[in-house]
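Here are a few exercises to work through with the model open beside you. Try each task before reading its solution.

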Amino acid sequence: HVQLVESGGGSAQAGGSLRLSCEASEYTFRTFGRHCMGWFRQAPGKEREGVAAIDRDGFTSYADSVKGRFTISKDNAKIMVLQMNSLKPEDTAMYYCAAVPSQLNAQRLWAGSYTNWGQGTQVTVS
(Lines give C-alpha, C1' and ligand atoms only; values in the text may rest on other atoms or scores of the structure.)
Protein backbone atom coordinates (compact mmCIF):
# COMPACT_ATOMS: atom_id res chain seq x y z
CA HIS A 1 0.00 0.00 0.00
CA VAL A 2 0.93 3.65 -0.35
CA GLN A 3 2.90 5.15 2.55
CA LEU A 4 1.61 8.60 3.48
CA VAL A 5 3.29 11.51 5.25
CA GLU A 6 1.48 14.78 6.00
CA SER A 7 3.14 18.18 6.21
CA GLY A 8 2.24 21.86 6.17
CA GLY A 9 0.35 22.12 9.42
CA GLY A 10 0.89 24.94 11.84
CA SER A 11 -0.77 28.03 13.22
CA ALA A 12 -2.78 30.59 11.33
CA GLN A 13 -4.99 33.52 12.12
CA ALA A 14 -8.68 33.39 11.36
CA GLY A 15 -9.15 34.32 7.72
CA GLY A 16 -5.70 33.09 6.82
CA SER A 17 -4.54 30.15 4.74
CA LEU A 18 -2.56 26.97 5.09
CA ARG A 19 -1.54 24.39 2.52
CA LEU A 20 -1.31 20.79 3.65
CA SER A 21 0.50 18.15 1.66
CA CYS A 22 0.29 14.38 1.77
CA GLU A 23 3.23 12.70 0.13
CA ALA A 24 3.20 9.12 -1.04
CA SER A 25 6.30 6.98 -0.81
CA GLU A 26 8.62 7.38 -3.78
CA TYR A 27 8.62 3.62 -4.02
CA THR A 28 4.86 3.39 -4.41
CA PHE A 29 3.98 6.57 -6.31
CA ARG A 30 3.46 4.71 -9.58
CA THR A 31 0.31 3.21 -8.10
CA PHE A 32 -0.85 6.47 -6.51
CA GLY A 33 -3.31 7.09 -9.34
CA ARG A 34 -5.13 3.89 -8.47
CA HIS A 35 -6.05 5.27 -5.07
CA CYS A 36 -8.90 7.36 -3.86
CA MET A 37 -7.59 9.91 -1.38
CA GLY A 38 -9.12 11.86 1.46
CA TRP A 39 -8.41 14.40 4.16
CA PHE A 40 -9.89 13.94 7.61
CA ARG A 41 -9.62 15.91 10.81
CA GLN A 42 -10.12 15.18 14.46
CA ALA A 43 -10.45 17.66 17.30
CA PRO A 44 -10.01 16.62 20.94
CA GLY A 45 -13.03 14.72 22.20
CA LYS A 46 -14.59 14.46 18.75
CA GLU A 47 -14.87 11.71 16.17
CA ARG A 48 -12.71 11.81 13.07
CA GLU A 49 -14.49 13.89 10.44
CA GLY A 50 -14.25 13.68 6.67
CA VAL A 51 -13.12 16.98 5.13
CA ALA A 52 -12.45 16.34 1.45
CA ALA A 53 -11.85 13.48 -0.94
CA ILE A 54 -10.66 12.98 -4.50
CA ASP A 55 -11.23 9.84 -6.51
CA ARG A 56 -9.22 8.18 -9.26
CA ASP A 57 -10.83 10.38 -11.91
CA GLY A 58 -10.24 13.61 -10.01
CA PHE A 59 -13.82 13.97 -8.83
CA THR A 60 -13.89 15.80 -5.51
CA SER A 61 -16.15 15.76 -2.48
CA TYR A 62 -16.26 18.20 0.42
CA ALA A 63 -17.87 18.47 3.79
CA ASP A 64 -20.42 21.26 3.88
CA SER A 65 -18.40 23.02 6.56
CA VAL A 66 -15.44 23.57 4.21
CA LYS A 67 -17.08 24.03 0.81
CA GLY A 68 -15.85 27.16 -0.91
CA ARG A 69 -12.88 27.43 1.45
CA PHE A 70 -10.88 24.21 1.03
CA THR A 71 -9.65 22.59 -2.18
CA ILE A 72 -8.29 19.08 -2.54
CA SER A 73 -6.03 18.24 -5.46
CA LYS A 74 -3.22 16.04 -6.68
CA ASP A 75 -0.23 18.15 -7.67
CA ASN A 76 1.70 15.29 -9.23
CA ALA A 77 1.94 11.54 -9.14
CA LYS A 78 2.85 11.41 -5.46
CA ILE A 79 1.50 14.50 -3.67
CA MET A 80 -2.02 15.29 -2.57
CA VAL A 81 -2.76 18.81 -1.39
CA LEU A 82 -5.41 20.40 0.78
CA GLN A 83 -5.46 24.16 0.24
CA MET A 84 -7.26 25.76 3.17
CA ASN A 85 -8.40 29.36 2.81
CA SER A 86 -10.55 31.60 4.98
CA LEU A 87 -9.64 29.55 8.02
CA LYS A 88 -11.87 29.59 11.06
CA PRO A 89 -11.11 28.68 14.68
CA GLU A 90 -13.39 25.65 14.29
CA ASP A 91 -10.97 24.27 11.68
CA THR A 92 -8.51 23.59 14.50
CA ALA A 93 -7.78 19.86 14.54
CA MET A 94 -5.29 17.17 13.73
CA TYR A 95 -5.51 16.59 9.98
CA TYR A 96 -4.91 13.18 8.44
CA CYS A 97 -4.58 12.04 4.88
CA ALA A 98 -5.94 8.67 3.88
CA ALA A 99 -5.98 6.39 0.87
CA VAL A 100 -7.69 3.29 -0.39
CA PRO A 101 -6.57 1.34 -3.48
CA SER A 102 -9.95 1.33 -5.12
CA GLN A 103 -12.54 3.63 -6.62
CA LEU A 104 -15.03 4.88 -4.06
CA ASN A 105 -18.49 5.41 -5.45
CA ALA A 106 -19.99 6.23 -2.08
CA GLN A 107 -18.98 7.02 1.51
CA ARG A 108 -16.00 9.06 0.34
CA LEU A 109 -16.00 11.15 3.51
CA TRP A 110 -16.36 8.16 5.83
CA ALA A 111 -13.14 7.15 7.56
CA GLY A 112 -14.09 3.49 7.38
CA SER A 113 -13.74 3.57 3.59
CA TYR A 114 -9.98 4.04 3.84
CA THR A 115 -7.26 1.53 4.58
CA ASN A 116 -4.05 3.60 4.58
CA TRP A 117 -3.45 6.54 6.93
CA GLY A 118 -0.78 9.10 7.64
CA GLN A 119 0.20 10.12 11.17
CA GLY A 120 -1.40 13.54 11.01
CA THR A 121 -0.41 17.20 11.09
CA GLN A 122 -1.76 19.74 13.57
CA VAL A 123 -3.65 22.81 12.39
CA THR A 124 -4.40 25.55 14.90
CA VAL A 125 -6.41 28.63 13.93
CA SER A 126 -6.17 31.72 16.15
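**Exercise 1: aromatic pairs**

A search of the whole structure turns up three aromatic pairs. To count, rings of Phe, Tyr and Trp (its six-membered ring) need centres within 6.5 Å; planes under 30 degrees apart are stacked, over 60 edge-to-face and the rest tilted. Before you start: this is a predicted model, where local features need pLDDT of at least 70 and side-chain atom pairs count only at pLDDT 80 or more, while totals for chains, interfaces and linings use all residues. Residues are numbered from 1 along each chain as its sequence is written, and side-chain values use heavy atoms, with hydrogens and water left out.

*Task.* Classify the pair Phe40 and Tyr114, and work out which parts it ties together.

*Solution.* 
- Step 1: the ring centres are 5.2 Å apart and the planes stand at 75°, so Phe40 and Tyr114 are edge-to-face.
- Step 2: Phe40 belongs to strand E4 (residues 36–42), and Tyr114 to the loop between strand E9 (93–100) and strand E10 (116–117), so the pair links parts 74 residues apart in sequence. Strands here are DSSP runs (E, at least two residues), and helices are too (H or I, at least four), numbered from the N terminus.
- Step 3: check burial, where buried is under 20% relative accessible area, exposed is over 50%, and partly exposed is in between (1.4 Å probe, protein chains only). Phe40 comes out buried at 1%, and Tyr114 is buried at 6%.

**Exercise 2: the cores**

*Task.* Which residues have the most contacts inside the largest nonpolar core?

*Solution.* 
- Step 1: a nonpolar core is a set of buried Ala, Val, Leu, Ile, Met, Phe, Trp, Tyr and Cys residues joined through side-chain atoms within 4.5 Å.
- Step 2: the largest has 26 residues, and Trp39, Leu82, Met84 and Tyr95 have the most contacts inside it.
- Step 3: strands supplying at least two residues each include E4, E9 and strand E8 (79–84).
- Step 4: leaving aside neighbours within four places in sequence, Leu82 has contacts (heavy atoms within 4.5 Å) that include Trp39, Val51, Phe70, Ile72 and Tyr95.
- Step 5: a second, separate core of seven residues includes Phe40, Ala53, Ala98 and Tyr114.

**Exercise 3: positive phi**

*Task.* Where are Ser86 and Gln107 found, and what is phi for Ser86 and for Gln107?

*Solution.* 
- Step 1: most residues other than glycine have a negative phi.
- Step 2: Ser86, in the loop between E8 and E9, has a positive phi of about 50°. Ser86 is partly exposed at 40% relative accessible area.
- Step 3: Gln107, in the loop between E9 and E10, has a positive phi near 55°. Gln107 is exposed at 52%.
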